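The following note is intended for a colleague meeting this structure for the first time. Please read the numbered points with the sequence and the model at hand.

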Amino acid sequence: MSVQPETNDRTAMRVHPELVPAFEALPEFADPYEDIEATRDGFHEMLAAFPADRTGVCSERFGVARADGSTLTVEVYRPEGAVGAAPEEGTHDGADEGADEGAGSALPAVLHFHGGGFALGRSLPGQDRVAIELCRELPAVLITVEYRLAPEHRYPAGVEDCYLALEWVAERAATLGIDPARIAVAGKSAGGGLGAAVALMARDRGGPALAHQSLCVPDLDDRVGADEEEGADDAEAALGARVLNGRGVQSSWQHYLPEGTAEAEAYAAPARAADLSGLPPAHVLVCDLDPMRDAGLAYARRLMDAGVPVTVRNVPGAWHGFELFAPDTRVAKEMTAHWTGQLREALHPVSPAVV
């Protein structure tokens, strides 16, 4: 009987048993920034080869004017037959008149910020799988935001785009068929960090009220991986060679933050915020083998200490982005169901029973 090398045995002990085959099939982790354009092209080629199932969902794309005259593109996904019509493309004037009309049939809204290390991850037009699935499952109006990407556009370009999209949605809630009292932000990885930052901005700027912030494996802290040493033990080295490690997280921040940044601002790295009070209820989901796990858990604890309602979930034995490589496993399905369920509970609350 053959015996696997000790490194594989020890690594497998940390990976969830159901995920071991997917982990062992992973290629060696590559630096996406080595040729960012090639990375983006490869990502879009993969998306084009497997188009999303848009059954029951329709979408429209709109331009939102930035202060400098350039245009931010957003896409509005809605369940087919839902109340609400899209606003005129490119408008960015005051709030729509008659904002309360049709509120009883209005849907909640989720601003969905894609992940991808602040540098890639943008879906093809009409093909955002996360938005489509949430649109059907919640149900809700989903707004995806094509924020400017690093390293060509470093902080604060991306997060300011996300906040601008929130203002645009809130101003046009009636026209979009959205209940303005039920607007949430959601995102995975870098998108989760952007969602947390937009919640901070909305509080500090007196902006639109948010009902919920859904932070899935969020990238919140530029200090993650800063002290990671090259001399990891065999199991850690075997794990880090295939999945995102601390050095990979640091590379992302180095390309996102302005060159020469010694300490990130809170709207770049929400973990730097001194005060977390007055923020919307949150759901924080982390993965056990993700280098960003501890920062996510620490942020959740600080939100709790600040009086913010928080639910937390840790996925044992899972790495950052594992669901992309093992979507049909029970672990991935349960994670997605939990994340979706938390959003549904936040945006479709159950009315108190009448005694």
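1. A residue is called exposed when its relative accessible area is over 50%, buried when that area is under 20%, and partly exposed in between. Pro17 has a relative accessibility of 66% and therefore counts as exposed. Pro17 is placed in the loop between α1 (6–14) and α2. Its C-alpha lies 7.9 Å from that of Gly317, although 300 residues separate Pro17 and Gly317 in sequence.

2. The model under discussion is predicted. Its protein chain contains twelve helices and eight strands. Of the 355 residues in the chain, 49% count as buried. Among contacts in the chain with a separation of 6 or more, 81% involve residues 24 or more positions apart. The chain exposes about 16200 Å², and carbon and sulfur atoms supply 52% of that area.

3. Thr144 belongs to strand β4 (residues 141–145). With a relative accessibility of 6%, Thr144 counts as buried. Setting aside neighbours within four places in sequence, Thr144 is in contact with Thr73, Val74, Glu75, Tyr77, His112, Asp128 and Ala131.

4. Side chains of opposite charge can pair when their charged atoms come close. The structure holds 19 salt bridges. One of these joins the side chains of Glu323 and Lys188, at 3.4 Å from N to O. Glu323 lies in helix α11 (residues 322–325) and Lys188 in strand β5 (residues 178–188), so this pair ties together parts that are 135 residues apart in sequence. Glu323 has a relative accessibility of 13% and so counts as buried.

5. Two further pairs deserve attention. Arg293 and Asp288 form a salt bridge whose closest N and O atoms are 2.9 Å apart. Arg293 counts as partly exposed at 25% relative accessibility, and Asp288 counts as partly exposed at 24%. Asp305 forms a salt bridge with Arg301, with 3.1 Å between the closest N and O atoms. Because Asp305 and Arg301 are four residues apart in helix α10 (residues 293–305), about one helical turn separates them. Both Asp305 and Arg301 are exposed.

6. Salt bridges also link Glu37, Arg40 and Glu152 in a network.

7. Which residues form the negative surface patch? The patch consists of Asp31, Glu34, Asp35, Asp41 and Glu45. Of its members, Asp31 is found in the loop between α2 (20–24) and α3 (36–49). Asp31 counts as partly exposed, with a relative accessibility of 40%.

Methods
Residues are numbered from 1 along each chain as its sequence is written. This is a predicted model: local features need pLDDT of at least 70, side-chain atom pairs count only at pLDDT 80 or more; totals for chains, interfaces and linings use all residues. Side-chain values use heavy atoms; hydrogens and water are left out. Patches are made of residues with over 30% relative accessible area and no salt bridge: like charges are joined within 9 Å, nonpolar side chains (Val, Leu, Ile, Met, Phe, Trp, Tyr) within 5 Å. Accessible areas come from the Shrake-Rupley method with a 1.4 Å probe; for residues, only the protein chains shown count as cover. A salt bridge is a side-chain nitrogen of Lys or Arg within 4 Å of a carboxyl oxygen of Asp or Glu. Lys and Arg count as positive and Asp and Glu as negative; His and the chain ends are not counted. The place of a charge is taken as NZ of Lys, CZ of Arg, CG of Asp or CD of Glu. Helices (H or I, at least four residues) and strands (E, at least two) are DSSP runs, numbered from the N terminus. Buried means under 20% relative accessible area, exposed over 50%, partly exposed in between (1.4 Å probe, protein chains only). Contact means heavy atoms within 4.5 Å.
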